[in-house]
Number of protein chains: 2
Amino acid sequence: MPELESEIQEFKQAIARNDLENMREEYGDMLWDALFIGIIAEEKGLFSIRDAIQEAHAKLRRRKPWVFGNEKVKTPEEAVKRWNEIKADEKKAKSRH
Amino acid sequence: MPELESEIQEFKQAIARNDLENMREEYGDMLWDALFIGIIAEEKGLFSIRDAIQEAHAKLRRRKPWVFGNEKVKTPEEAVKRWNEIKADEKKAKSRH
């Protein structure tokens, strides 16, 4: 985890310097570190990377019905409002279990 | 970027609480945020995610010849030493360009 956090700092520094080559390098390092954390978690039997990705994907689809569903929103503010409403509903439903 | 950093904090908190379900959720959020950063970078024409991943992969292969090549190391310390030697050689070669 400290490795991932330090790669993020290096990536931010590359952005600040506007160093395209280094940005690409640090972004790649960052992704690999994030993946390694998942592999370690899998080896420890904590969760599977596939499940984590699918769950996050499903959450995204649920919370952005104006992108993935039939809902319409007119402004970014309205979109944020809908996101928060759906999130609150999900939390409520979860706490009933 | 702040979103990614806050997801990492939430993931660490889930680990601290030993909350498996939340660990999986926050890890997934973390990966998606990391991916979105790459997509934004691609849209801005800064670099491609594919190039970044391939570059990091090639670097890993170069720097761990005891895993991917024919070299032998006897201890973790020796492995770290080789990694640092190769890294230093690469930096030297780069600065000659």
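## How chains A and B meet

Across the interface of chain B and chain A, 16 residue pairs are in polar contact, both partners having pLDDT 80 or more; such a contact is a pair of N or O atoms within 3.5 Å, where within protein one must be able to donate a hydrogen and the other to accept it, and residues adjacent in sequence count only if both atoms are side-chain atoms. On chain B, helix H1 (2-17), helix H2 (20-43) and helix H3 (49-63) each supply at least two residues of the side that touches chain A, helices being DSSP runs (H or I) of at least four residues, numbered from the N terminus. H2(B) gives the most, with 16 residues. By class, that side of chain B has 22 nonpolar, four polar and ten charged residues, with Ala, Val, Leu, Ile, Met, Phe, Trp, Tyr, Cys and Pro counted as nonpolar, Asp, Glu, Lys and Arg as charged, and the others, Gly among them, as polar.

A word on the model before we go on. It is predicted, so local features need pLDDT of at least 70 and side-chain atom pairs count only at 80 or more, while totals for chains, interfaces and linings use all residues. Residues are numbered from 1 along each chain as its sequence is written, chains are lettered from A in the order in which they are written, and side-chain values use heavy atoms, leaving out hydrogens and water.

Now to the extent of the interface. Here 36 residues of chain B are in contact with 36 residues of chain A, contact meaning heavy atoms within 4.5 Å. The two chains bury about 3300 Å² between them, 70% of it on carbon and sulfur atoms; this is the accessible area (1.4 Å probe) lost on being put together, summed over both. In chain B, B:Arg24, B:Tyr27 and B:Trp32 lose the most area to chain A, together 18% of what that side buries.

Two of these residues are worth a visit. B:Arg24 forms a salt bridge with A:Glu55, the closest N and O atoms being 2.7 Å apart; the count between the chains is ten salt bridges, each a side-chain nitrogen of Lys or Arg within 4 Å of a carboxyl oxygen of Asp or Glu. B:Tyr27, not counting residues up to four places away in sequence, touches A:Ala34, A:Leu35, A:Ile37, A:Gly38, A:Phe47, A:Ile49, A:Ala52 and B:Phe11.

Finally, look at A:Glu26 in helix H2 of chain A. A:Glu26 is buried, with a relative accessible area of 6%, where buried means under 20% (1.4 Å probe, protein chains only). Beyond its neighbours within four places in sequence, A:Glu26 is in contact with A:Glu7, A:Glu10 and A:Phe11.

How values were computed:
Buried means under 20% relative accessible area, exposed over 50%, partly exposed in between (1.4 Å probe, protein chains only).
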